[in-house]
Amino acid sequence: MIENLVIVESPAKAKTIERFLGKDFVVKSSFGHIRDLAKKNLGIDIDKNFKPNYVVSADKKKVVKELKDLAGKAGKVWIASDEDREGEAIAWHLKEVLNLDPEKTKRIVFHEITKEAIEHAIANPRKIDENLVNAQQARRVLDRLVGFELSPLLWKKVKPSLSAGRVQSVAVKLIVEREREINSFKPATYFRVTARLAVPGKNREIKADLNKRFSSPEETMAFLEKCKNADFKVASVEKKPGKKSPAPPFTTSTLQQEASRKLGFSVSQTMSVAQRLYESGLITYMRTDSVSLSNLALNTAASEIKSAFGEEYLKIRKYSSKIKGAQEAHEAIRPAYINNRNINGSNQEKRLYDLIWKRTVASQMSDARLEKTSIKIDISSAEEYFVASGEVVIFDGFLKVYIESTDDEKEDQSSVLLPPVKENEKLNCQHIEAVQKYTSPAPRYTEASLVKKLEDLGIGRPSTYAPTISTIQNRNYVVKESRPGKKREYLVLELSDNKISKHTNADTAGYEKQKLFPTDIGMVVNDFLEQYFVDIMNYNFTADVEKKFDSIAIGKEDWTEMIGDFYYPFHKQVDETLQTSEKSKGERVLGDDPETGKPVSVKIGRFGPMAQLGTSDDDEKPRFASLLKGQSVETISLKEALALFKLPRAIGKFENEEVTVGIGRYGPYLRHKNKFISLQKEDDPYTIGLDRAISLIGAKREQERNRLIREFDEKPGLKILKGRYGPYISYEKKNYKIPKNKKPEELNLGECLDIIENTPKKTTRKRKR
């Protein structure tokens with residue numbers, strides 16, 4: 001007989017909880033959800049008021065059997081899954097599948113895994129909240145209906161094997177819109193004028209900006225002419241007190257953003273590390289949109305601040321969430337024990353914990369007090385004037401612990417210390433520089449800034465941000481990558497010693513680091529959905545659906561009615577689109593080939609974006625060429641497309657065999673003696689010469705020689721090779737793992753053949769469409 005059985009959703013969480021409960025408690029894990037909607041026949045009975053058909057997944061049957069046996073022997077069953085909607089749904093499924101007796105089943109929740117929190121939860125059990133379960137069920141059913149109806153439509157009208165989702169489609173739309181905004185942006189130029197002015201007798205300089213920006217070199221030159229022999233004097237000195245206040249404690253969204261900016265973590269990486277910290281009892285629950293802290297946390301933070309920094313650094317703040325419909329986790333993300341400054345764990349865990357600790361403690365610290373200074377400097381021969389701005393930190397307050405980062409890529413020059421000067425004091429002009437600048441479009445989204453945008457629009461909830469961003473990348477609608485910029489020249493005009501000079505400098509513009517770019521297929525799918533499913537792609541409509549889920553969670557709306565209101569008009573629209581819409585390949589006609597007069601177009605093909613020369617109506621078959629990495633159906637020019645048809649091209653002979661260069665499914669390559677060698681990033685397939693090709697062929701051969709451990713003359717083609725994951729046997733285009741107890745270099749032919757013979761053959765399952 002088991003006195004108490006506690007069921008949680010993860011083994012790590014079970015292990016931590018077990019430490020706090022006595023021998024009267026057995027703690028077991030369900031390993032997440034134990035059942036889901038059936039994959040066959042939609043998994044939803046629409047005619048029976050959208051009744052879900054749940055099935056226990058094959059990999060969970062053993063877990064369910066074990067839990068059922070234990071629950072039958074237990075005096076009490078405590079379901080301790082997470083406190084959000086997903087956790088409540090897990091609790092409900094456990095109750096249903098295990099057929100738990102309501103009289104002996106208790107639901108407990110806690111937002112931190114500490115001894116005090118667990119003991120409090122056990123002392124205050126509750127029933128499973130059916131409203132929270134229905135809110136999760138509504139989301140799951142609605143997303144299944146949307147995916148199940150839209151995906152086959154995309155297979156027929158765009159390309160096989162595509163899929164679509166409700167929130168994911170809107171996230172892709174944001175990225176597509178931003179990309180098109182950037183592509184259509186026409187940069188304007190202006191001249192920023194700065195001066196270096198010396199304070200006589202003080203060996204100090206002031207750097208000041210002109211209050212006006214000029215739009216042309218001529219205007220700028222005219223201003224510099226006026227500054228020759230001009231007098232410069234201090235017109236006014238204005239000093240103002242200022243302050244900076246700390247940011248509130250972390251929510252899921254702000255943690256994802258700040259971990260991206262400060263630590264370089266992806267959104268999914270942040271959630272994975274935070275999950276480990278939570279399950280180890282080190283932080284509070286990591287899926288929350290609340291910014292409040294418990295009284296216990298406030299008191300602990302106050303004690304820590306006074307002890308480490310002194311009374312003057314303490315300022316208790318009680319934050320409240322501005323987000324309507326904030327989910328059920330009632331506290332911000334904070335350390336479980338604020339007096340624990342450091343933890344044991346992986347490097348990632350330590351860094352994320354440090355970030356959470358600093359943000360939590362800083363939120364309860366005093367404002368930073370500043371003195372802001374602005375100096376206006378008149379020019380005797382011009383209406384324009386220079387302004388020097390700076391600030392001094394009088395009292396650092398929370399800045400002693402933490403400074404919040406921003407997505408703004410511009411430099412912050414506000415913290416400049418200015419020398420003391422008086423009104424009407426003359427200054428000596430050392431140097432004036434006018435630099436040509438270019439206006440910039442809105443920046444592309446990072447994962448973190450996309451999360452912020454989704455949150456601002458009210459789309460998604462803490463539990464959905466990371467899966468949404470992962471899904472749109474996994475479906476190849478969006479890629480996250482860095483792209484090199486392009487060299488750009490700019491003009492510099494200088495006034496020094498009453499002489500004006502000008503010269504040209506160059507910088508790199510448009511460099512992108514780990515930004516989100518829409519793929520061609522992502523753009524085509526977006527445009528198709530935008531054309532035929534206006535509601536699904538409407539930001540407000542998607543946000544309203546989230547609000548309805550929130551209403552269901554507090555019992556104000558019936559989930560089946562909400563699904564019905566959405567589904568029937570949507571289903572009708574799917575049927576109409578199936579009948580009336582044209583097949584979409586995102587085709588774009590670029591013009592005619594000057595040599596042949598044949599039309600040149602680009603579109604989405606079976607293996608991705610491609611260019612086409614000619615049509616199927618011509619006497620000759622049309623020619624096709626894959627687009628290069630970085631080229632897009634939307635922006636490629638006729639000249640760039642025509643260049644693709646220059647390949648494959650022969651570039652000379654090596655070892656009496658022709659060397660050709662071409663572009664394939666996986667990018668540019670060399671071909672020599674029926675072997676393929678990938679070109680490096682710096683190699684241009686249109687200009688690469690024979691010498692460089694021979695160098696790449698030699699490097700490839702050297703690489704293959706280094707990989708080779710052993711081969712056998714009596715069995716050509718059988719080789720023992722070094723691989724990424726260790727040594728292996730290669731034979732007849734198949735690879736075989738070498739057992740750990742065998743030394744690869746000592747294997748003979750017979751032993752290799754035994755390993756091949758005894759390796760189980762992989763069974764391939766045919767996919768059903």
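1. Helix H19 (residues 749-758) lies across E28, E29 and E30 and runs at about 85 degrees to E29. Helices (H or I, at least four residues) and strands (E, at least two) are DSSP runs numbered from the N terminus. Contact means heavy atoms within 4.5 Å. Axes are lines fitted to C-alpha atoms, for helices over the stretch in contact, with angles from 0 to 180 degrees between N-to-C directions.

2. This is a predicted model, in which local features need pLDDT of at least 70 and side-chain atom pairs count only at pLDDT 80 or more, while totals for chains, interfaces and linings use all residues. Residues are numbered from 1 along each chain as its sequence is written, and side-chain values use heavy atoms, with hydrogens and water left out.

3. The sheet under H19 is open, with four strands in the order E27-E28-E29-E30 and antiparallel pairing (two strands pair if DSSP finds at least two bridges between them). Strand E27 (708-711) and strand E30 (734-737) are the edges, each pairing on one side only. From one strand to the next the twist averages 25 degrees. Helix H18 (residues 690-707) also packs on the sheet, where it touches E27, strand E28 (719-721) and E29; its direction makes about 70 degrees with that of E27.

4. Strand E29 (residues 728-731) and E30 run antiparallel and are joined by four bridges. Tyr 731 has Lys 734 in E30 as its bridge partner.

5. Helix H6 (residues 166-183) packs against helix H12 (residues 447-457) at an angle of about 115 degrees, the axes being 11 Å apart. On the H6 side the contact is made by Ala 171, Leu 174 and Ile 175; on the H12 side, by Leu 450, Lys 453, Leu 454 and Leu 457.

6. The axes of H6 and helix H15 (residues 539-553) come within 10 Å and cross at roughly 145 degrees. Here Arg 166, Val 167, Val 170, Lys 173, Leu 174 and Glu 177 in H6 meet Tyr 539, Thr 542, Val 545, Glu 546 and Phe 549 in H15.

7. A nonpolar core is a set of buried (under 20% relative accessible area, 1.4 Å probe, protein chains only) Ala, Val, Leu, Ile, Met, Phe, Trp, Tyr and Cys residues joined through side-chain atoms within 4.5 Å. The largest has 166 residues, and Phe 110 and Leu 352 have the most contacts inside it. Helix H5 (residues 130-157) gives the most to this core, with eleven residues. Another core, of 29 residues, lies apart from it and includes Cys 227, Ala 230, Leu 418 and Ala 434.

Note on methods. Buried < 20%, exposed > 50% of the residue type's maximum accessible area, 1.4 Å probe, protein only.
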